[in-house]
Amino acid sequence: MRQLSALDAQFLNVESRGTVAHIAGLAVLDPTGAPGGRLTLDDLMELMRRRLPLVRQFRWRLAEVPFGLDHPYWIEDPDFDLEYHVREIALPEPGDDRQLAEQVARLHQRPLDRARPLWEMYLVQGLSGGRIALYAKIHHALIDGVAAAQIVAALLDLEPEPRQVDVADRWRPERPPGAWSLLAGAAARAAVHPLRTTGGLLRAVPYLDTFPLVGRLPGVGVLTGALRTAARTGAVPPQADLTAPRTPFNGTVTRHRRVAVGSLPLGEVKKVRHALGVSVNDVVMALCASALRRWLIDHDALPDRPLIAAVPVSTRSLDDDAHGNQVSAMFTPLPTHLADPRDRIAETHATMTTAKRRLVATPDRWLEELTAVVPPAFGGLAARALLRLAPSAVPPINLVISNVAGPQFPLYLCRAEVLAYHPLSVVSDLSGGLNITVFSYNGNLDIGLTACREMVPDVWRLIDHLADALEELKRL
C-alpha cells in the first residue's frame with residue numbers, strides 16, 4: 001500500500017457540492033492515418049491494455065481509514081475493470097469546438113467514483129472536418145501537472161506507428177486492508193505526529209508571509225523575518241501587496257462548469273518575448289492580464305488594483321515518476337488595473353521576477369510541510385471550514401494561471417495525429433471560479449479555460465480577448 005501525503009489528501013478534502021478536484025486534458029485528433037481513417041473504441045481499449053504497465057496509477061483505488069483518522073492509502077484494485085473507465089460518446093455531426101467544449105464541461109463537472117480508480121477517458125466522435133477528440137480526467141490527489149504529462153507521454157507515440165511496449169505486466173490485485181490494521185497504523189502515526197510537525201513548522205513558518213492574506217496579518221512579517229534571520233536562511237525579496245480584490249469570479253462556486261479552448265501561435269509569442277526582452281511565461285501572464293482586464297471592463301467590474309494570481313510550480317525532477325503531488329506555488333499581482341499594454345507587460349515582468357526570486361529563496365517542500373501540520377483526523381474539517389469562510393471573507397487569490405511546457409513535435413494516438421492538447425483544471429471557492437491553463441505543443445500555445453458556469457457564463461469571450469491581447473503586444 002502507498003499512503004497519500006498530507007498535500008495529496010487535501011485534494012480529496014476540498015471536494016464539496018461545488019468543487020471537484022480532478023485535472024484533465026482534451027486532445028483533438030486527426031484520424032486520417034488510422035486504419036480506415038477512423039479511431040474506434042476497440043482501438044483505444046487495445047492500446048490501453050498494452051500501455052497499462054506504464055501507468056500503474058490507473059489500477060489504484062482508495063482505501064479509506066475508518067473515521068478519517070489518517071490519510072487514505074492507494075491499493076491495487078482487485079475489481080479493476082478497464083471497460084468502466086474508457087468510454088465513447090458522439091456529438092451530432094458536424095460538431096464544432098463550442099459543442100465539444102459544452103459536452104466536456106458536463107463531463108468535467110461530474111465527480112469521480114471513489115470506489116474505483118480515480119480516472120475516466122472518453123473518445124468523442126462526430127467533430128467537424130473528420131476530427132475526433134479524447135477527454136481524460138484524473139484526480140489531483142493522484143498526480144500533479146508534471147506527472148500528468150508523464151502519463152500522456154506513456155500513452156502517446158512519437159511516430160504514427162505505435163511503439164511496442166516491452167514492460168511485462170506484473171500487476172497483481174491486492175486485498176483491501178482490514179479496518180484494525182488501518183486503525184493501528186493511524187494510532188502509530190498519531191503518536192509521532194507532534195514530533196514530525198515540529199520540524200515541518202520550523203521549516204514552513206518562516207515563509208508564511210509568502211501567502212496572500214496571511215502575510216498581511218499583524219505581526220506575521222516581523223515574525224517570519226526574525227525566524228529567517230535566526231535560521232540564517234537568507235533574505236527573501238520583498239513582495240508587493242497581495243490583497244486580492246473582489247471580482248465576479250470570486251465567491252461560492254457552483255457544481256456547474258463552462259469550458260473554452262483555443263490556441264495561439266507560439267512563434268508569435270516568442271517574437272514578442274525577444275522584442276520586449278521578457279520570458280515566454282511573462283508574455284503568457286501579460287496576455288491573461290489584458291484579456292481579464294477587457295472581460296472585467298465589459299462586465300463593469302474592473303478593480304482599481306491588481307488581481308492576485310497563483311502560479312503552480314513543479315518541484316519534481318524530470319526522472320522522478322513517484323505518485324502524488326510535488327508542487328509549490330508563486331503568488332503574484334496581475335496588473336489588470338493598468339490601461340497601457342506597455343505598462344502591463346513591464347509590470348508583469350517585474351512582479352514575476354520578484355515572485356521567482358521569492359520562490360527560489362523558499363524550501364521546495366514548504367507547501368507540503370505546512371499542509372502536514374494539520375492532524376489527518378482534522379484535515380477534512382479544516383478544508384471544509386476554509387471553503388465555507390472563503391466566499392464571505394476577502395478572497396485569498398482571484399484565480400490560478402498555469403503554463404506548462406510541452407513537446408514541439410507532433411504526437412500520435414493509435415496512428416491518429418494529435419492536433420492540439422488543451423489542459424483543464426480545478427475551480428473552487430478558495431482559488432476562484434476561473435482557471436487558465438496553457439500547454440505549449442507543436443508550435444502553439446493550447447489554452448484551456450475552466451470556469452464556474454454561473455460566474456463566467458461567457459467564457460469564450462476570454463479566448464477572443466487572449467487573441468486580441470497577442471495582437472496588441474505584437475504592435476508594441
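Contact means heavy atoms within 4.5 Å. This briefing covers a predicted model, in which local features need pLDDT of at least 70, side-chain atom pairs count only at pLDDT 80 or more, and totals for chains, interfaces and linings use all residues. Residues are numbered from 1 along each chain as its sequence is written, and side-chain values use heavy atoms, with hydrogens and water left out.

**Helix α2**

- The buried residues of α2 (41-51) are L44, M45, L47, M48 and R51; buried means under 20% relative accessible area (1.4 Å probe, protein chains only).
- Viewed down the axis of α2, these buried residues fall within an arc of 165°, so they line one face of the helix.
- The arc is that of the directions from the helix axis to the C-beta atoms.
- Among the elements covering the buried residues of α2 are α3 (82-85), β5 (86-95), β6 (119-127), β7 (132-139), α5 (145-155) and β12 (412-413).
- Helices (H or I, at least four residues) and strands (E, at least two) are DSSP runs, numbered from the N terminus.

**Second largest cavity**

- L264, V284, L287, C288, I436, V438, L445, I447 and L466 line the second largest cavity.
- Elements giving two or more residues to this lining are α9 (280-298), β14 (434-441) and β15 (444-452), and the largest share, three residues, comes from α9.

**Cysteines**

- The whole structure has zero disulfides, a disulfide being a pair of cysteine sulfur atoms within 2.5 Å.
- C288 is buried, with a relative accessible area of 2%.
- C414 is buried, at 9% relative accessible area.

Terms used. Buried < 20%, exposed > 50% of the residue type's maximum accessible area, 1.4 Å probe, protein only. 1 Å grid on protein atoms, 1.4 Å probe; cavity = no way out; pocket = protein on both sides within 12 Å on 5 of 7 lines; lining within 4 Å.
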